[in-house]
Amino acid sequence: MSKIKLIVGLGNPGQQYAKTRHNAGFWFVERIAEDFNITLSFEKKFHGLLGRGQVHGHDIRLLLPQTFMNKSGESVIPVVNFYDIDNDEILIAHDELDIGVAQMRFKTGGGHGGHNGLRDIVPHLGADFHRLRLGIGRPESKSQVSHYVLGTPSPDEKISLEVMLDEAMRQLPNLLNGEFDKAQQVINGFKLPD
């Protein structure tokens, strides 16, 4: 059974995007880096912030592409190729419009679902990597999507998203141990406490 070796968070670089919904994948990986004292340093050849450390007893690389969302593949693919990482050893965390705020889903494989970061990765990597889909909800009108994902969550939403990330962090040992079914059951069933 394969185990995760690389965790990628998708988002946009720069302070102006740091707190926007589109950076939910960044938030998850930044949490891991903080909790496990992993330094993320800019690696020019990978166009991203890369770090390596022990996470729950596993040797893990963390990556935050610094290419802007729609060019994420320009960072992810070189890292995967350089370190010879298989698709089933990759977990990509990203925001997800099609899931309610602070709900989440774990899945392996599938299309890009219209997500610009995945859209740039799948053609080069294939689709059979693991995904942690972090729900940010969807605006009422399709025309508002761009404004919505690049907007900041309300204070209440922010609190809910933090609770969701807490649960994702609690499932990290199962994900890293390759106990995907166990993790999926909890992640996919997660609901905010009343």
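Guide: Two strands pair if DSSP finds at least two bridges between them. The model discussed here is predicted.

Visitor: Why are E6 and E7 said to pair?

Guide: E6 and strand E7 (residues 130-135) have five bridges in the antiparallel sense. The cut-off is at least two bridges, so E6 and E7 count as paired. In E7, Leu134 is the bridge partner of Met104.

Visitor: What makes E2 and E6 edge strands?

Guide: The order in the open sheet is E2-E3-E4-E1-E5-E7-E6, with mixed pairing. Strand E2 (41-43) and strand E6 (104-108) each have a single partner strand, so one side of each lacks a neighbour in the sheet.

Visitor: Why is the pair of Phe46 and Tyr83 called tilted?

Guide: The ring centres are 5.8 Å apart, and a pair needs them within 6.5 Å.

Visitor: How do you know whether Phe46 is buried or exposed?

Guide: Phe46 has 2% relative accessibility. Buried means under 20%, so Phe46 is buried. Tyr83, at 28%, falls between 20% and 50% and therefore counts as partly exposed.

Visitor: What makes the pair of Phe106 and Phe180 stacked?

Guide: The angle between their planes is 15 degrees, at 5.6 Å centre to centre. Stacked requires planes under 30 degrees apart, so the label applies. Phe106 lies in strand E6 and Phe180 in helix H7 (residues 180-188), 74 residues apart.

Visitor: Is Phe180 buried or exposed?

Guide: Its relative accessible area is 15%, under the 20% cut-off, so Phe180 is buried.

Methods
Residues are numbered from 1 along each chain as its sequence is written. This is a predicted model: local features need pLDDT of at least 70, side-chain atom pairs count only at pLDDT 80 or more; totals for chains, interfaces and linings use all residues. Side-chain values use heavy atoms; hydrogens and water are left out. Helices (H or I, at least four residues) and strands (E, at least two) are DSSP runs, numbered from the N terminus. Rings of Phe, Tyr and Trp (its six-membered ring) pair if their centres lie within 6.5 Å; planes under 30 degrees apart count as stacked, over 60 as edge-to-face and the rest as tilted. Buried means under 20% relative accessible area, exposed over 50%, partly exposed in between (1.4 Å probe, protein chains only).
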